[in-house]
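Please look through the sequence and the model shown here before reading on.

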Amino acid sequence: MDILFLFIFFIIKNNDKGRIFWNRFLTWMSRCTRYFRFFENNWELLSKSVQDEMCIMIYRNSWFISLKKLILMPIRISPKAQEKIQKIIGGGKDNLLVLSDFDKTLTKWWVDGKVGKSLISFLRDGEYLDPKYNDEAKQLFEKYYPMEIDPTLDEKKKFQAMNDWWTEHFALLVRYWLTREVLDKVISENRVVFADGIQNFFDVLNKKKIPFVIISAGIEYLIHGFLEKYRLKYVNVFTVANTFDFSSDGTGKIVGVKNIIHGMNKSVLESKNFPFYSQIQGRKNAIILGDSPSDIGMANGWAYDVVLKIGFCHHPEEQEKLFKEIFDIVVFDDEGLGAVVELLKKTEKV
Ligand SMILES: [Mg+2]
């Protein structure tokens with residue numbers, strides 16, 4: 001039997017049609033695995049009506065629904081999350097606000113078999129400034145990144161470390177003459193690979209006039225630039241990120257940063273200080289999207305009735321347990337925004 005299988009495999013792999021078939025088969029299998037993983041990690045037994053609701057919401061492919069019925073897989077989303085989802089749907093689009101991190105939440109973790117680049121790494125790893133900048137920026141990365149991902153490090157120390165990292169990094173950008181022209185070059189020469197379903201996600205939010213706030217430790221100029229490049233910069237999209245002050249001497253050089261935003265201080269931002277506050281105030285329900293435990297702090301201090309936290313977990317081996325504790329729904333393996341889109345579609349006021 002094994003020899004027969006190997007013979008068939010050999011035939012398939014050694015002709016063009018066979019190879020196409022084989023690649024499609026692998027892609028299909030990979031998707032199946034990811035779906036299973038998602039269900040396995042998030043679902044708990046629920047009533048039949050809720051099961052059907054979630055079933056349609058999360059996976060629309062009829063073949064999969066059939067498969068689910070066939071193997072009697074329980075549909076699970078924690079009762080607490082389910083309750084929040086129902087409240088958000090009931091509250092309707094006019095009461096909803098969506099807050100999201102940018103890097104590795106709206107963008108993919110894996111790109112062409114490698115970890116995708118964050119916005120800042122386009123600069124750090126590129127050849128846009130003096131090579132000394134790259135060296136010094138990488139030294140900072142090597143010093144502070146282990147602290148950022150160390151789950152045992154005291155929160156206060158981590159907060160301080162992140163603040164120091166960004167302060168020192170932005171000082172480098174000023175010292176090595178980062179200009180508006182360089183930033184424009186970064187945008188035109190680089191590719192951001194957004195999460196699956198991003199276009200639908202932005203379209204649905206825009207169509208329903210749901211404010212969408214991106215809160216990022218990245219550079220606001222780059223976020224705006226890439227959103228524009230990919231035609232995602234809609235009027236309902238707002239950003240809270242590191243905003244540069246540019247020199248007024250005509251060189252376009254940056255001279256500083258208005259407010260430093262890093263991974264740890266998203267939780268202490270005062271929404272009332274946001275220039276677009278009048279367009280988001282009064283929204284009672286929020287959905288938060290993030291790929292870092294500290295992202296859940298994005299709604300701290302905001303008076304919401306319901307906050308549904310959706311976590312995008314890229315390190316299931318180390319973080320799965322923690323993510324399941326602090327997020328209401330956990331998405332694994334770059335599964336993308338499909339489930340969120342389906343939820344948003346249901347937020348018509350009834
Ligand atoms: Mg992130």
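**A helix pair, a sheet and a loop**

Leu183, Val186 and Ile187 in helix α9 meet Tyr221, Leu222, Gly225, Phe226 and Lys229 in helix α11, where contact requires that the C-beta atoms, placed from the backbone, lie within 7 Å, and where helices are DSSP runs of H or I with at least four residues and strands are runs of E with at least two, numbered from the N terminus. By class, this contact holds six nonpolar residues, one polar and one charged, with Ala, Val, Leu, Ile, Met, Phe, Trp, Tyr, Cys and Pro counted as nonpolar, Asp, Glu, Lys and Arg as charged, and the others, Gly among them, as polar. This is a predicted model, in which local features need pLDDT of at least 70 and side-chain atom pairs count only at pLDDT 80 or more, whereas totals for chains, interfaces and linings use all residues. Residues are numbered from 1 along each chain as its sequence is written.

Helix α9 spans residues 180-189 and α11 residues 220-229, and the two pack at an angle of about 40 degrees with their axes 10 Å apart; axes are lines fitted to C-alpha atoms, for helices over the stretch in contact, and angles run from 0 to 180 degrees between N-to-C directions. That angle makes α9 oblique to α11, since angles under 35 degrees count as roughly parallel, over 145 as roughly antiparallel, 65 to 115 as roughly perpendicular and the rest as oblique.

The loop between β8 (285-290) and β9 contains Asp295. Asp295 counts as buried because 26 C-beta neighbours lie inside 10 Å, the cut-offs being 20 or more other C-beta atoms within 10 Å for buried, 12 or fewer for exposed, and partly exposed in between. Leaving aside neighbours within four places in sequence, Asp295 is in contact with Asp101, Lys266, Ile288 and Gly290.

Note on methods: Two residues are in contact if their C-beta atoms, placed from the backbone, lie within 7 Å.
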